[in-house]
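Good morning. Please look at the sequence and the structure on the screen, and I will go through a few places in turn.

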Amino acid sequence: MSPKSVVVTGAGRGIGLAVTLELAHAGFDVIGTVRTPEKDEALRAVVERTGAAVRTVLLDVADATSCVQAFTEIAMMTDGGPWAVVNNAGFAQPGAVEDVDDEQARRQLETNLIAPARIARLVLPAMRERRDGRIVNISSVAGRVSLPMLGWYCASKQGLESVTDALRMETESFGVKVVLIEPGSHRTGIWEQGAELLPAERTSAYRDQYAAADQVVRDARTLPGPRPVALAVLKALNARRPLPRYLVGGGARSAAALDVLAPTAATDWAKQLATGLRAAPPRVARAVDRLRGK
Ligand SMILES: NC(=O)c1ccc[n+]([C@@H]2O[C@H](COP(=O)([O-])OP(=O)(O)OC[C@H]3O[C@@H](n4cnc5c(N)ncnc54)[C@H](OP(=O)(O)O)[C@@H]3O)[C@@H](O)[C@H]2O)c1
């Protein structure tokens with residue numbers, strides 16, 4: 001039997017690269033998408049060094065024409081269409097709601113929410129015809145929990161969760177299984193890129209919070225790498241009956257549980273504290289300093 005084909009979007013780095021390598025080593029026929037010929041070459045080099053085999057296609061998920069072209073090419077490479085798609089490509093637009101303009105908000109929603117739905121439209125007809133297929137959407141714990149200074153990112157992931165839940169119910173009778181992966185925080189390029197996307201600091205009423213971005217990027221270097229997310233995707237693809245959603249990591253599980261169980265006033269307070277919107281009481285500040293080894 002020929003290996004099952006899986007498309008992974010945003011395969012060049014971070015979680016997408018980890019998923020690509022994990023699936024390729026597990027025996028899937030992986031097609032990794034990247035945005036430029038340079039990134040294509042870099043991905044092929046990394047894959048070759050690990051001894052895996054991966055085919056590549058150019059794709060900018062935020063560009064509808066690019067999506068049609070890429071998935072037409074992929075249909076030809078996979079005898080009509082891939083068995084599965086992992087919608088991973090995404091980014092985090094930081095900034096207070098007041099500071100993020102329409103263009104930035106649209107770009108966030110286009111990439112993280114509209115694109116996975118558009119890609120589902122492109123792959124579903126062939127999956128339905130075969131009565132077999134999987135769509136795995138990489139969401140986030142931010143798909144369940146709203147955070148200040150990340151309002152539009154949370155909106156994009158919470159929108160993705162709503163659309164994915166609807167899609168899962170709509171496609172079940174056609175043999176297509178739809179899954180959400182909800183990672184906590186992992187060490188990838190998303191943090192540095194987010195810091196670069198911060199709104200102009202000097203003029204903002206939130207400049208003190210933005211000034212802490214460097215510390216957030218430094219702290220992110222100590223986070224766990226992306227492999228646990230890749231293992232969750234592998235589990236979702238290998239399971240005969242995958243779960244509707246996989247929360248990845250203890251941090252994600254406790255944040256999701258706390259957000260449901262604790263009163264909103266308490267979770268607001270904790271999130272304001274964590275993002276510097278509220279000053280910590282001296283005792284809490286000393287405990288945080290101790291945790292940071294100061
Ligand atoms: N890292 C975390 O802590 C975390 C937690 C929860 C969820 N996630 C989610 O995991 C996914 C991957 O993020 P990551 O952490 O691996 O970040 P990353 O290291 O910054 O990688 C993001 C990937 O998405 C690609 N991408 C971005 N916009 C794209 C577009 N318009 N078209 C095609 N590709 C595009 C990037 O390609 P280029 O190289 O061309 O920019 C890159 O390959 C995202 O959906 C993110 O929201 C991450």
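One term before the tour: two residues are in contact when they have heavy atoms within 4.5 Å. What you see is a predicted model, in which local features need pLDDT of at least 70 and side-chain atom pairs count only at pLDDT 80 or more, while totals for chains, interfaces and linings use all residues. Residues are numbered from 1 along each chain as its sequence is written, and side-chain values use heavy atoms, with hydrogens and water left out.

I start with alanine 92, in the loop between strand 4 and helix 4. Helices here are DSSP runs of H or I with at least four residues, strands are runs of E with at least two, and both are numbered from the N terminus. Setting aside neighbours within four places in sequence, alanine 92 is in contact with Gln108, Leu150, Tyr153, Ile190, Gly194 and Leu197. Its C-alpha atom is separated by 9.4 Å from that of alanine 195, which is 103 residues away along the chain. Is alanine 92 buried or exposed? Buried, because its relative accessibility is 11%; the cut-offs are under 20% relative accessible area for buried, over 50% for exposed, and partly exposed in between, with a 1.4 Å probe and protein chains only.

Now the ligand. Which residues come nearest to the ligand? Of the 28 residues around the ligand, they are Ile15, Lys39, Tyr153, His186 and Thr188; a residue is near if one of its heavy atoms lies within 4 Å. This shell consists of 10 nonpolar, 13 polar and 5 charged residues. In that count, Ala, Val, Leu, Ile, Met, Phe, Trp, Tyr, Cys and Pro are nonpolar, Asp, Glu, Lys and Arg are charged, and the others, Gly among them, are polar. Helix 1 (14-25), helix 5 (151-171) and helix 6 (190-196) each supply at least two residues of the shell.

Some atom pairs can be named. Lysine 39 has a polar side-chain atom 2.8 Å from an oxygen atom of the ligand. In aspartate 60, a side-chain N or O atom is 2.9 Å from a nitrogen atom of the ligand. Glycine 189 uses its backbone: an N or O atom there lies 3.1 Å from a ligand oxygen atom. On its own the ligand has 890 Å² of accessible area, and the protein covers 96% of this. The area comes from the Shrake-Rupley method with a 1.4 Å probe.

There is also a record to mention. An unreviewed UniProt entry carries the annotation "domain: Ketoreductase" for residues 4-187. Such annotations may be inferred rather than shown by experiment, and the positions are given in the numbering used here. In the model, this span is 49% helix and 18% strand, and its end C-alpha atoms lie 29 Å apart.

Next, two residues with polar side-chain contacts. Glutamate 22 lies in helix 1 and counts as buried because its relative accessibility is 16%. What does the side chain of glutamate 22 join in a polar contact? The side chain of arginine 227, at 2.8 Å. A polar contact is a pair of N or O atoms within 3.5 Å; within protein, one must be able to donate a hydrogen and the other to accept it, and residues adjacent in sequence count only if both atoms are side-chain atoms. Alanine 230 is 208 residues from glutamate 22 in sequence, yet 6.3 Å away in space, C-alpha to C-alpha.

Serine 139 sits in the loop between strand 5 (133-138) and helix 5. With a relative accessible area of 3%, serine 139 is buried. Its side chain makes a polar contact of 2.7 Å with the side chain of glutamate 161.

Valine 86, in strand 4, is buried too, at 0% relative accessible area. Leaving out residues up to four places away in sequence, valine 86 touches several residues, including Val6, Val19, Val136 and Val233.

Last, the backbone. Aspartate 79 has a positive phi of about 60° although it is not a glycine. Aspartate 79 lies in the loop between helix 3 (64-77) and strand 4 (84-87) and is exposed, because its relative accessible area is 76%. Arginine 131 also has a positive phi, about 55°, without being a glycine. Its loop runs between helix 4 and strand 5, and at 51% relative accessible area arginine 131 is exposed.
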